[in-house]
Amino acid sequence: MHAPMKPNIPAEALITIDIIDTLSPADLNDLCDATDAAVEAGGGFGWIAPPAREVMERYWKGVMVVPERHLLLARIDGIVCGAVQLVE
């Protein structure tokens, strides 16, 4: 079991959480980076090692086409740092 990660977020940072209807290329890139970091830290998606970037991109694009799923992105100063999927 890995120790919990402790965020180091400056007090002046802008933190937002948005429900996403479409993934911009920048959001997809940031989301894949965050996914990669989560998997490397031992907390991600059942993957033991980060998959190829194309696999992650297909995964997140696939989430967007499932009507029963809603993707929420957390951002710090406009950069995606986390995500949650809500399933109806």
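**Strands, helix, cysteines**

Guide: Ala74 stands opposite Gly82 in S3. Helices (H or I, at least four residues) and strands (E, at least two) are DSSP runs, numbered from the N terminus. This is a predicted model, where local features need pLDDT of at least 70 and side-chain atom pairs count only at pLDDT 80 or more, while totals for chains, interfaces and linings use all residues. Residues are numbered from 1 along each chain as its sequence is written, and side-chain values use heavy atoms, with hydrogens and water left out.

Visitor: How many bridges do S2 and S3 pair over?
Guide: Eight, in the antiparallel sense. Two strands pair if DSSP finds at least two bridges between them.

Visitor: And what order do the strands take in the sheet?
Guide: S1-S2-S3, as an open, antiparallel sheet. S1 (15–20) and S3 are the edge strands, each pairing on one side only.

Visitor: Switching to H1, which residues are buried?
Guide: Among them are Leu28, Leu31, Cys32 and Val39. Buried means under 20% relative accessible area, exposed over 50%, partly exposed in between (1.4 Å probe, protein chains only). The cover over the buried residues of H1 includes helix H2 (53–64), S2 (69–76) and S3 (79–87); contact means heavy atoms within 4.5 Å.

Visitor: How many disulfides are there?
Guide: Zero, counting a disulfide as a pair of cysteine sulfur atoms within 2.5 Å.
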